[in-house]
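Visitor: I'm new to looking at protein structures. Could you walk me through this one?

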Amino acid sequence: MMASGEGLNPESGSFQAQEPRPSFYIGQHDSSRSDTLADTQYSQVLNLGFNFVTTPITNQHFYERVVNLYKDHLAERQAWETEGRLHESQKGNPSLPGPIVPTLSNKDTSFFPTSYVGAVVAYSSPWIDLGSPNPIIASISRQVLNLEVAYANFCGARSIVIPGPRKDGNGRATALYARAVQEALVASVRANLIIHMPMYREPGLEEGVDTLTTVLDGASAQDAGEEIDLFGAWDSWNTVRSICEYSARLFVAIRIPHRLPEKNLQTRWFAEPLHYLTLGPQAFQSNKAGLPSLSKSHQEMINMYMRLKNAPWMILYDVGPDPSTLGEGPGRSEKDFPSLAESSQALKEHRKPYMPPPCPHLSYMRHLERQQPPYTEMESVTLTSFQDWLQSPLQPLSDNLESATYEMFEGDPVKYDQYEAAILEAMLEWKELKKPTSAVPSEAHPDEDLIVTVAGAGRGPLVTRVLRAAERTQTKIQLWALEKNQNAFVYLLRQNEREWGGKVTLVKTDMRGWEGPRPKGSPDTITKVDILVTELLGSFGDNELSPECLDGIQRHLAQPHGISIPHSYTAHLSPISSPRLFADITSRVVADPNAFEIPWVVRLFQIDFVAEKVPGHPRFQEAWEFIHPVGVSRADDFAAKHGLAAKFTTGGGGAMSGSSGTNEHNARHTHLNFVCRAKGVIHGLAGYFESVLYASQLSADKEPVEISILPDQIDRKSKDMISWFPIFFPLKQPLYFPQDSELEVSMWRHTDDTKVWYEWIVEAYAWVGPNTRIKVGGSELHSSRKVACLM
């Protein structure tokens, strides 16, 4: 279920009205720009419809000074050798002094603090080469980056874009680059750093400026004709953010290619901390009118990314306006007296005569913004606010829920419609099969009513559905409602008086300690229950102790024809990549050392399912199943011998956890194998459940009444159901795996008769031959025992 917490009432003021569709925040970047725009130029760009602009931190003067510094250093080394100060044995000494880049001067930059600096994105020099094979150039590049980042941070820039590495697969270069970024995070103090990466290495998608290595050493950053690794750019980014320890101030901007890659790579980037989507002229194609447009695939991808709670902004680069049209601003006479030709052209383009021509690429993006599909009911402000928000699981047995929590659950009509459908079908088939009821006819009440019990009634939504189903099927029933929460019980009393006409027998008790129903007309007789209805399911099916609760009440179910709704439920797992959740949990470890061993309830959204769907190995795999009622129970035998309360407290038996073993039948273990074609990293396991509320007893061919939160089944079985969010079993350390790997997951459900907890471990194997695998990584064993669900 969705966990509860302060401020989760959807009618509260914290959930504000939203726009009908996502808004595009679009910036302008010119890769040839070497100076910051003047105030008038900046205003002209904003008047065209852009929301922000980029600015280089340093200018051409600084670049030339750095190049001369390197050349001067080489000349100095040559002079040392010529003058005899540097002997042959000392030429390779790594302690020889290298060039030090002096601090910036006012001639090195045109970027200064301004009142609108918040709408300016600083762009680091694209010519630096942090991973250069030349150690001197790598050192100079690192110094330049630190100077630029520190200065941009001083000016008030809150976002600094750093061009990413030009090549993948070079471990040394990537490590040097990542270490330099880590140091820049220290220098930036408050600003966010955004690594500008291509989605993949499509030719022509890189920065157009030559690096220092190319200029000074003549080395090429990327070999022509080299095979493209589609996941290579992501792999480089993964190394950078891993070395930077998933810093909350480190983001990624991705260059959108002309030809989009496979969906798996698109969803991989979707899961990353996206800050910008950057589109250059290469990403666009011409429509029939000769104007820029994006392919249908590009549009769908952008629509997908814009559904994120923190949707990325966009940057259009090298598509205009032409820098030559951005002057310092015309004089008053020019403004007031444009030529007729200028006035006519400006009128056609819906602009003032002294403004630059409109940007067709920007106009198209604004058109695309208006054409986005509107938000659906599943994308309301309330549900969007829950995206990837960690919540502690409910403890319904040990805690009493608040009214607002019940109200959240009751706001989901899909779940209760399915429950009503299950109850209705059960009542119809009961009649058709002519099953006996558990009623005890008497002179005072001669009818053979169906005995129905709602256990864990909460505020009574299932009670209402039972009464409605009985009315629709014209079934006479006697209805009991059990609730242990004394506060909710007060509400039930009110509902019975106002809404149900006193038709319900209310009992304030834990269902496990209930004596059973006393039928109308026979108050001294305890009978059985014909239909037992409960809503005890959690996000993993059994994680809110539904099996343990039903064990305690199933002895009252009529045998052999009594019906439990739900009839069964299964737990399912899938490994996922979620950098955002890993970073969030990491930030909580100081306050909660057990944060990585808590199964979190979370509306998983910004994630990537790393496993493939292949024959015999689905993407979502069943872990275990519970079926009710259980025909034989050792707990009842134990209670008969030691007393009803003893089974909850007596330990010391031979069960796995040293308990009496009365709940050992609810322990489970699973071992699953997932196939991963592309390289990747996982941060935990996503958990889901499915439940058969009622399976027909008349025909095996008839579709059962089900509910499901499995991503590939929910639309078919319970579309738009929101009562349950998935559960997330985190890993303490991200687990990286190469391409063509298999992930093996072992999970246990443990119990010691007083509590229930989970343990999990993940191992990665790579195929190195037709019949040979090697283990390439594995997690430690995680256990939620310290935060177990109390029985």
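Visitor: Which loop does Thr509 lie in?

Guide: Quick background: this is a predicted model, where local features need pLDDT of at least 70, side-chain atom pairs count only at pLDDT 80 or more, and totals for chains, interfaces and linings use all residues. Residues are numbered from 1 along each chain as its sequence is written, and side-chain values use heavy atoms, with hydrogens and water left out. Helices (H or I, at least four residues) and strands (E, at least two) are DSSP runs, numbered from the N terminus. Thr509 sits in the loop between β13 (504–508) and β14 (531–534).

Visitor: Is Thr509 buried or exposed?

Guide: Buried means under 20% relative accessible area, exposed over 50%, and partly exposed in between (1.4 Å probe, protein chains only). Thr509 has 17% relative accessibility, so it counts as buried.

Visitor: What does Thr509 touch?

Guide: Here, contact means heavy atoms within 4.5 Å. Leaving out residues up to four places away in sequence, Thr509 touches Leu482, Glu483, Lys484 and Trp514.

Visitor: Which residues lie nearest the centre of the largest cavity?

Guide: On a 1 Å grid over the protein atoms alone, a cavity is a set of points where a 1.4 Å probe fits but cannot get out, while a pocket is an open set with protein on both sides within 12 Å along at least five of seven lines; lining residues have an atom within 4 Å of a point. The largest cavity has 27 lining residues. Nearest its centre are Pro396, Tyr406, Gly456, Glu483 and Leu536.

Visitor: Which element gives the largest share of the lining of the largest cavity?

Guide: α13 (403–410) and β12 (477–483) each supply at least two residues of that lining. The largest share, 3 residues, comes from α13.

Visitor: What volume does the largest pocket have?

Guide: Grid points are joined across faces, edges and corners, and a volume is the space filled by probe spheres set on the points. For the largest pocket, that gives about 1,200 Å³.

Visitor: Which residues are closest to the centre of the largest pocket?

Guide: This pocket is lined by 34 residues. The closest to its centre are Arg603, Leu604, Phe605, Phe609 and Pro711.

Visitor: Which element gives the most to the lining of the largest pocket?

Guide: The elements that give two or more residues there are α7 (263–270), α8 (296–305), β18 (608–609) and α20 (714–717). With 5 residues, the one that gives the most is α7.
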